[in-house]
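Biologist: Pick one part of this model and walk me through it slowly, please. I'd like to follow along with the structure open.

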Amino acid sequence: MSKEIITVHGLSLGFGGKKILDNLDIRFEKGETVLIAGNNGAGKSSFLKCLAGVMFPDAGEIRIDASVPKEKIAFISDKMSLLEDFTLAQGIEFHCRVFNAKKDDFDRSLLLQLKLDMDQKIKDLSIGERAVYQFSLLMAQKPGILLLDEIIHTIDPYLRDLLLEALIGLIDEADTSVIMVNHTFSEMGRIPERVLIMENGRFVFDETSEDMHKKIKKIVTEKEIAEDIPVIFKNRSPLYNEYYVYPYAEGMGKGYGYEFQDVDLTGIVKSFIGGYYAKKRI
């Protein structure tokens, strides 16, 4: 039986009169791997920062299960703030001390693959090396909850593969609950068990990966399609139109002769974001 690890109720946040998070209610389970996507400014990063405790909401509550103490909640952002003048070795020692992790258990395997010198300064690392270094620090916490905010798209393909393989290993070995915000999806398709899409501070889509692929389909045709087909986004080209259909159900369009095609994770996220911008233009 699954166990709830995070419960969010009535979460709201605003800046300068603008609503960023709008009365959110949602739950996450132990060991679950979740991807949060959406347009720029939808509230994704703010939501993750509230979960991490680095941003405080105006209203609502976030309950973390007692089995996950604060030192077992790990958060990494693309706006990585590290102790710039520390050496890598000093950063490891400091992080392990603050989060009550054993220095001898620190896994240096990723850093060794990059041939990083433990005596070099953190400020001298590239953006990709910083991401891998900070991820290694987080793994030392043996986190029960791991929050990743848009770090995958900032690094090159080689480092991205290293980090993703380490992430998969952490999920498999430690049953860590992972909630990530990302803008790069082609490499992510095999990881999330659940996908959330956010729009205007609310979740407009919440499906398991299995159900997501069953409920979203695409029609490619030169013609307009029937109005009773629920289309979330229409992509026009000189030769044909793509219609993204949600929610799709077996038997839909019977008698029309439509071919409903499968859509990958990248196409699904783009269809929702494209639909959001299309609505804004109306």
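Modeller: Let's start with Gly53, which takes a positive phi of about 85° just after α1. Helices here are DSSP runs (H or I, at least four residues), numbered from the N terminus. Keep in mind that this is a predicted model: local features need pLDDT of at least 70, side-chain atom pairs count only at pLDDT 80 or more, and totals for chains, interfaces and linings use all residues. Numbering runs from 1 along each chain as its sequence is written, and side-chain values use heavy atoms, without hydrogens or water.

Now move to the second largest pocket, with a volume of about 330 Å³. A pocket is an open set of 1 Å grid points where a 1.4 Å probe fits, with protein on both sides within 12 Å along at least five of seven lines; lining residues have an atom within 4 Å of a point. The volume is the space filled by probe spheres set on the points. Sixteen residues line this pocket, and Asp107, Met139, Ala166, Leu170 and Glu173 lie nearest its centre. Helices α3 (109-113), α4 (127-140) and α5 (157-174) each supply at least two lining residues, with α5 giving the largest share, five. By type, the lining divides into seven nonpolar, four polar and five charged residues.

Conventions
Ala, Val, Leu, Ile, Met, Phe, Trp, Tyr, Cys and Pro count as nonpolar, Asp, Glu, Lys and Arg as charged, and the others, Gly among them, as polar.
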